[in-house]
Amino acid sequence: MSWIPFKIGQPKKQIVSKTVERDFEREYGKLQQLEEQTKRLQKDMKKSTDADLAMSKSAVKISQDLLSNPLCEQDQDFLHMVTALDTAMKRMDAFNQEKVNQIQKTVIEPLKKFSSIFPSLNMAVKRREQALQDYGRLQAKVEKYEEKEKTGPVLAKLHQAREELRPVREDFEAKNKQLLDEMPRFYSSRLDYFQPSFESLIRAQVIYYSEMHKIFGDLTQQLDQPGHSDEQRERENETKLSELRALSIVADD
């Protein structure tokens with residue numbers, strides 16, 4: 001949303017006090033910032049859930065690729081490890097999908113619905129701006145006749161101009177009052193509206209990572225070989241890699 005205060009064609013008489021205009025711009029500016037933050041959060045949440053799904057799907061794809069590796073046909077121990085990994089990755093993917101669905105339903109959709117309100121608010125501000133311009137134009141017209149010599153025709157035109165001004169002024173004042181009353185209420189409502197969503201987001205993350213702790217704890221118990229530390233495994237890998245490099249078919253010329 002954008003706010004362009006009434007600047008052009010103003011009558012000599014100040015029709016809206018600086019205090020009222022300052023209050024209006026302040027409240028509207030807060031809503032502009034809220035709209036931008038809401039849209040950015042919705043976009044970031046969508047990116048996050050898409051990345052989460054891509055991660056778990058990729059993990060399942062890797063475990064499936066390992067299962068189809070010829071090594072699994074030759075080494076039963078390796079087949080057992082990869083099968084355990086594949087089971088864990090599928091469990092992770094299933095819980096991840098549940099988490100993403102929950103976030104979509106309780107966080108992203110409410111953000112989307114909240115953002116959909118701003119175009120209506122923007123239109124109300126534009127109607128207020130148009131009413132202000134009409135008010136200023138007719139007020140300037142009244143002032144023009146007030147400055148002229150008070151002849152019969154001038155007084156008739158002045159009376160007509162004042163009659164035209166009255167409903168326009170009342171329309172602007174009603175629109176202005178409504179926005180000044182309701183914009184702060186709308187801004188304050190964000191707390192009650194979003195709190196359940198953010199609580200749901202936290203619960204979804206806690207449940208997911210609690211399940212991940214269980215899944216990978218089970219996987220660790222199935223894969224760990226007693227007495228083998230990470231450093232020992234690394235040394236064993238280096239030894240085997242050195243043996244492969246020693247083969248004549250991979251030796252440097």
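UniProt, in an unreviewed entry, places a "coiled-coil region" at residues 17–51. Positions from UniProt follow the numbering used here, feature names are shortened, and annotations may be inferred rather than shown by experiment. Over residues 17–51 the chain is 97% helix and 0% strand. The end C-alpha atoms of that stretch are 51 Å apart. Helices here are DSSP runs of H or I with at least four residues, strands are runs of E with at least two, and both are numbered from the N terminus.

A word on the model. It is predicted, so to speak of local features we need pLDDT of at least 70, side-chain atom pairs count only at pLDDT 80 or more, and totals for chains, interfaces and linings use all residues. Residues are numbered from 1 along each chain as its sequence is written, and side-chain values use heavy atoms, with hydrogens and water left out.

Next, the cores. A nonpolar core is a set of buried Ala, Val, Leu, Ile, Met, Phe, Trp, Tyr and Cys residues joined through side-chain atoms within 4.5 Å. Buried means under 20% relative accessible area, exposed means over 50%, and partly exposed is in between, with a 1.4 Å probe and protein chains only. The largest core has 20 residues. Leu-31, Leu-34, Met-45, Ile-103 and Met-183 have the most contacts inside it. Which elements give two or more residues to this core? They are helix 1 (18–67), helix 3 (76–115), helix 4 and helix 5. Helix 5 gives the largest share, seven residues.

Take Met-183. Leaving out residues up to four places away in sequence, Met-183 touches Phe-24, Glu-27, Tyr-28, Leu-31 and Leu-121. Contact means heavy atoms within 4.5 Å. There is also a second, separate core of 13 residues. Val-16, Ala-131, Leu-132 and Tyr-145 are among them.

Now the rings. The structure holds ten aromatic pairs. Rings of Phe, Tyr and Trp (its six-membered ring) pair if their centres lie within 6.5 Å; planes under 30 degrees apart are stacked, over 60 edge-to-face, and the rest tilted. Tyr-135 and Phe-172 have ring centres 5.7 Å apart and planes at 45 degrees, so this pair is tilted. Tyr-135 lies in helix 4 (residues 118–147) and Phe-172 in helix 5 (residues 152–223), so the pair ties together parts 37 residues apart in sequence. Both Tyr-135 and Phe-172 are buried.

Phe-194 and Phe-198 make a stacked pair, because their centres are 5.8 Å apart and their planes are at 15 degrees. These two are four residues apart in helix 5, so about one helical turn separates them. Phe-194 is buried, at 8% relative accessibility. Phe-198 is partly exposed, at 34%. Ring pairs also link Phe-114, Phe-118, Phe-186, Tyr-193, Phe-194 and Phe-198 into a cluster.

Two charges sit over rings. That requires NZ of Lys or CZ of Arg within 6 Å of the ring centre and within 35 degrees of the ring normal. Lys-99 lies over the face of Tyr-208, 4.1 Å from the ring centre. The charged end of Arg-190 sits over the ring of Tyr-187, 3.9 Å from its centre.

Last, Ser-63, in helix 1. Is Ser-63 buried or exposed? Ser-63 counts as buried, at 0% relative accessibility. Its side chain joins that of Asp-86 through a polar contact of 2.6 Å. A polar contact is a pair of N or O atoms within 3.5 Å; within protein, one must be able to donate a hydrogen and the other to accept it, and residues adjacent in sequence count only if both atoms are side-chain atoms.
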